[in-house]
Amino acid sequence: MKKGEVTAYLSLVFILLLSFIGGIMEAASVQMAKSYRRADVNRAMESVFAEYQKELLEEYDVFALDGSYETGNYSEQNIEKRKEFYGASDMEHMVKRIEFLTDNGAKAFYEQVAAYMRHKYGVDALKDKTGITDVWKNQQDQAQEYQKDELKKQQDLEALLQENEGALPEKDNPIAHVEQLKKSSFLELVMPKNKKVSEKTIDGETVLSVRNRNQGYGDFSDVSEEYGTLTTLLFGEYLLKHFDCAAGEPGDGALDYELEYILEGKESDRENLEAVAKKLLLLRFVPNYAHLQKSGAKKAEAEAMALALCSILAVPAITEAAAQVILLVWAFGESVMDIRSLLNGSRVPLVKSEESWQLSLAGLLKLGESEDLNDGKDIKNGLPYEEYLRMLLFLEKKETAGIRTLDMIEQNLRMEHGLSFFHADYCISKIEVTTTCHLRRGITYRFQTYFGYN
């Protein structure tokens, strides 16, 4: 190779090497610019979400960004301006997906609560209860069956009486007495004598669960978790620790019976407590009636009373049917006593024994009368009112319980903290933003940034 050719070859190699080095430097520079832009947006996003709603966290251990910024008027522009304030300016941002606490049956709220409870108490705290959740479900199913059975037995007795053109006497008749009790105020019947029913109410037309709610968009299933038995139990434990109920002392919130509201969603404490008491009546009726059916002594008492009531008719079939109905109304009366005990702060066992049984057949005839001063027993190995509420909360639909819980949170933050602007459906839990930025020489860079309170 001649000298001139060598020089030309080396020159070309040198030029190619310079171009290669220049290309690498340019690519590195572009990548660095991209990294800076990503860092700017990440920093801005974290700064924006660091402005979480303080009272919501302090009172209820839940993180959320108030999208209205204490104005009561939600707008995505509010978030855009705050990101620009924190350094994500000179870029185009578009929200790809966003989730509020209230979306999808308050799923984001439910997930946060479960995560908080796992972190604070650990999964072992409630593992001992996972084994009895099937018992709770079974008891609920049995209660519905017993309702049908009770109605059928009463109808059978009435049919036999009509067929024989007879009637049971009114005096000393527990069947007639309980029928009258069922027509009176149920709440007055089960309320302990030393307790007054709260008369607090809320405006049922403006609560979160009823009004049209602000909704997010986009699918967050990739960062969400499925509900399970343990998650549901953790949520119930959270409710028991953060909200008041009828067996406790009155609070300063919008309602005194907050857990009862979460279960029933009615406007007044009175309505909510009565509805919960009726649910408890059904749950307690099942084991009480089962105990009567197994107790030879109590069945003999019921048969003796039925015989006395039907002595004039002298029809064995009527006597037998009357004995069965007496057992049913006796179980009803015992269940009333159980609820009194629970509301009075006493404990009631899931399954009754001869020793824990409260109401005699003679006492059933005085139930609800002026001489009825019995507020029930406190059984050492029994369960308090809150544990029975835990059962009902577990059986409640998750979406319903979640939204009603946010009802209470919203009402309480407005009343106790003066946060009249607060709307739970403006509280952002997760967001993903698509950002487009223009680098030098016409280079455009587009990327996604996700942030969520998990």
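Reader: What makes Arg 97 count as buried?

Author: Arg 97 has a relative accessibility of 10%, and buried means under 20% relative accessible area, with exposed being over 50% and partly exposed in between (1.4 Å probe, protein chains only), so Arg 97 counts as buried. Glu 432, also at 10% relative accessibility, counts as buried. This is a predicted model, in which local features need pLDDT of at least 70 and side-chain atom pairs count only at pLDDT 80 or more, while totals for chains, interfaces and linings use all residues. Residues are numbered from 1 along each chain as its sequence is written, and side-chain values use heavy atoms, with hydrogens and water left out.

Reader: Why is the pair of Arg 97 and Glu 432 called a salt bridge?

Author: The term asks for a side-chain nitrogen of Lys or Arg within 4 Å of a carboxyl oxygen of Asp or Glu, and the closest N and O atoms of Arg 97 and Glu 432 are 2.5 Å apart, so the pair is a salt bridge. The two residues belong to distant parts of the chain, Arg 97 in strand S2 (residues 92-100) and Glu 432 in strand S3 (residues 427-438), 335 residues apart. Helices (H or I, at least four residues) and strands (E, at least two) are DSSP runs, numbered from the N terminus. Across the whole structure, a search finds 26 salt bridges.

Reader: How do you know that Glu 188 and Arg 270 form a salt bridge?

Author: Their closest N and O atoms are 3.2 Å apart, and the limit is 4 Å, so the pair qualifies. Glu 188, at 47% relative accessibility, counts as partly exposed, and Arg 270 is partly exposed with a relative accessible area of 27%.

Reader: What makes a set of residues the largest nonpolar core?

Author: A nonpolar core is a set of buried Ala, Val, Leu, Ile, Met, Phe, Trp, Tyr and Cys residues joined through side-chain atoms within 4.5 Å. The largest such set has 103 residues, of which Phe 109, Tyr 238, Tyr 385 and Ile 409 touch the most other members. Helix H13 (residues 316-343) gives the most to this core, with 17 residues.

Reader: Which residues lie nearest the centre of the largest pocket?

Author: They are Gln 147, Glu 150, Lys 182, Leu 281 and Phe 332, out of 17 lining residues. On a 1 Å grid over the protein atoms alone, a pocket is an open set of points where a 1.4 Å probe fits, with protein on both sides within 12 Å along at least five of seven lines, and lining residues have an atom within 4 Å of a point. Helix H6 gives the most to this lining, with six residues.

Reader: Why is Glu 70 called exposed?

Author: Glu 70 has a relative accessibility of 53%, and the label requires over 50%, so Glu 70 counts as exposed. Glu 70 is found in the loop between strand S1 (65-66) and helix H3 (76-85), and its phi is near 60°, a positive value in a residue other than glycine.
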